[in-house]
Amino acid sequence: MLALIFSAEKIEAQEFFSGSSPIIGVGLGSGHPYYSPVGYGGWERNRGAAIRVTLEKPVKKIKYGNLTLGASLGFAHSSRAYRFSSPPRNYYYHRYNMMSLGLRGAWHYGFEIPNLDVYLGATVGGAFTTYNYEFNPSPSPSFHLFGGPF
C-alpha cells in the first residue's frame with residue numbers, strides 16, 4: 001500500500017500534460033480516537049478509518065490545461081461505544097460502514113511549474129451504507145446519491 005502512495009506522489013505535472021497516462025490518487029483517513037464524558041457519569045469512545053482511490057484519464061487538451069474523466073471508489077468505517085456508570089453499567093455499541101462509487105470530471109490548469117497540479121472538478125455518485133447497534137445486530141442498509149465540487 002505504501003508503495004502505491006509513494007508512486008502516486010512521483011507523478012510530475014509535466015508528464016501528465018504531455019501524455020495520456022492515467023492519474024491514480026489514494027487518500028487515507030486514520031480517524032481520531034477520543035474519549036469524552038456523557039450523561040449519568042459514563043463515557044464515550046469513537047474510532048474510524050477511511051480510504052479512497054481515484055483514477056483519472058486525460059480526455060482533451062484545451063488552451064489552458066487538460067480535461068479529465070475518471071472514477072472514485074471509497075470505503076469508511078466508524079464504531080462508537082458508550083458506557084454508563086450508573087447501574088446497570090451497560091455498554092452500547094454502534095457500527096457504521098459506507099462504500100461509495102462516483103464519476104468525476106476535472107479541469108487541470110496547465111501551469112509550467114514542475115510537480116504542481118492545480119485543478120477544479122466535480123464528482124457524482126452513490127453510496128451504500130450499513131448501520132447496526134447492539135440491540136439491532138442486523139445491519140440497516142441504505143443508499144443515497146451524492147455530488148459536489150472538489
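Colleague: Of the 150 residues of the protein, what percentage count as buried?

Modeller: This is a predicted model, in which local features need pLDDT of at least 70 and side-chain atom pairs count only at pLDDT 80 or more, while totals for chains, interfaces and linings use all residues. Residues are numbered from 1 along each chain as its sequence is written, and side-chain values use heavy atoms, with hydrogens and water left out. A residue is called buried under 20% relative accessible area, exposed over 50%, and partly exposed in between, using a 1.4 Å probe and protein chains only. Under that rule, the buried share of the protein is 24%.

Colleague: Which pattern does the protein follow when read along the sequence?

Modeller: Helices (H or I, at least four residues) and strands (E, at least two) are DSSP runs, numbered from the N terminus. The protein has two helices and seven strands. Read along the sequence, they give the pattern α-α-β-β-β-β-β-β-β.

Colleague: How many aromatic pairs does the count come to?

Modeller: Rings of Phe, Tyr and Trp (for Trp, its six-membered ring) pair if their centres lie within 6.5 Å, and planes under 30 degrees apart count as stacked, over 60 as edge-to-face and the rest as tilted. By this rule, the count is three aromatic pairs.

Colleague: Why is the pair of Y64 and Y109 stacked, and how many residues apart are they?

Modeller: The ring centres of Y64 and Y109 are 6.2 Å apart and their planes stand at 10 degrees, so the pair is stacked. The pair links distant parts of the chain, since Y64 is in the loop between strand 3 (42-62) and strand 4 (65-83), whereas Y109 is in strand 5 (residues 91-109). Y64 is partly exposed at 46% relative accessible area, and Y109 is partly exposed at 27%.

Colleague: Which arrangement do the rings of W107 and Y109 have?

Modeller: W107 is partly exposed, at 32% relative accessibility, and together with Y64, Y109 and F111 it forms one aromatic cluster. The rings of W107 and Y109 have centres 5.6 Å apart and planes at 85 degrees, so the arrangement is edge-to-face.

Colleague: What is the phi of N115 near, in degrees?

Modeller: Most residues other than glycine have a negative phi. N115 lies in the loop between strand 5 and strand 6 (118-133), and this residue is exposed, with a relative accessible area of 56%. N115 is a residue other than glycine with a positive phi, near 65 degrees.

Colleague: Among contacts in the protein between residues at least 6 apart in sequence, what percentage join residues at least 24 apart?

Modeller: Counting contacts between residues at least 6 apart in sequence, the share that join residues at least 24 apart is 55%.

Methods. Contact means heavy atoms within 4.5 Å.
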